[in-house]
Each structure stands twice: as structure tokens, then as C-alpha cells.
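Welcome! Take a moment to look over the sequence and the 3D structure, and then read on for a short tour.

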Amino acid sequence: FKGAGRPFAIGAGETIHTENSHKYGPNGARMLLRGGGWTPIEEWTDPQGWFALVLCEAQPVRTAP
């Protein structure tokens, strides 16, 4: 296989690490959503709290008087 113009091989049973995702914790995600005009309604996480699915509702655009 050629990746980035260089050949490489992965043997049977070897692993390859492809990603770490550390963007937002629960509070940061809610703040970001609210700042974008969304209201979090419900949240589901895995048992370790590593991943979350957040149901949000879009809020109408508010304008200053």
C-alpha cells in the first residue's frame, strides 16, 4: 500500500492508531451549542462518559431592538 507517496505495510494482528478526539467536555459542548442558538434537550452517554449524543432544539434567531 502507498500512503503519502511512501510504501508501508501492516502485518496481520498489528494495529494502527488513527485518531484522538478531545474537543469538548460536557459543559463546553453545551456552551458551544447554546452560543450557536441550540438548546440541549436530552443527553445520552456511554457507561464511561467518553462519548455523548445530544438532542438539541434550534432556537429562533433573536435580533437586538
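Predicted model: local features only at pLDDT ≥ 70, side-chain atom pairs only at ≥ 80, totals over all residues.

A search of the whole structure turns up 1 salt bridge, and the largest pocket has a volume of about 330 Å³.

**Confidence**
- Strand β3 has the highest confidence, at a mean of 92, while strand β1 (residues 2-3) has the lowest, at 58.

**The salt bridge**
- Glu 43 pairs with Arg 30, and their closest N and O atoms are 2.9 Å apart.
- This pair joins distant parts of the chain, with Glu 43 in strand β3 and Arg 30 in helix α1, 13 residues apart.
- Glu 43 counts as partly exposed because its relative accessibility is 29%, between the limits of 20% for buried and 50% for exposed.
- Arg 30 is also partly exposed, at 28% relative accessibility.

**A buried charge**
- Asp 46 sits in the loop between β3 (38-45) and β4 (52-58).
- Asp 46 is buried but has no salt bridge, and the nearest side chain of opposite charge, Arg 30, is 13 Å away.
- A polar atom of the Asp 46 side chain lies 2.7 Å from the backbone nitrogen of Trp 50.

**The largest pocket**
- The largest pocket is lined by 14 residues, and those closest to its centre are Tyr 24, Gly 25, Pro 26, Ala 29 and Ala 52.
- Two or more lining residues come from each of α1 (26-35), β3 and β4, and α1 gives the most, with 4 residues.

Notes: Residues numbered from 1 in each chain as written. Heavy atoms only, no water. Buried < 20%, exposed > 50% of the residue type's maximum accessible area, 1.4 Å probe, protein only. Lys, Arg positive; Asp, Glu negative; His and termini not counted. Salt bridge = Lys/Arg side-chain N within 4 Å of Asp/Glu carboxyl O. Polar contact = N/O pair within 3.5 Å; in protein donor to acceptor, adjacent residues only side chain to side chain. pLDDT = per-residue confidence, 0-100. 1 Å grid on protein atoms, 1.4 Å probe; cavity = no way out; pocket = protein on both sides within 12 Å on 5 of 7 lines; lining within 4 Å. Points joined across faces, edges and corners; volume = space filled by probe spheres on them.
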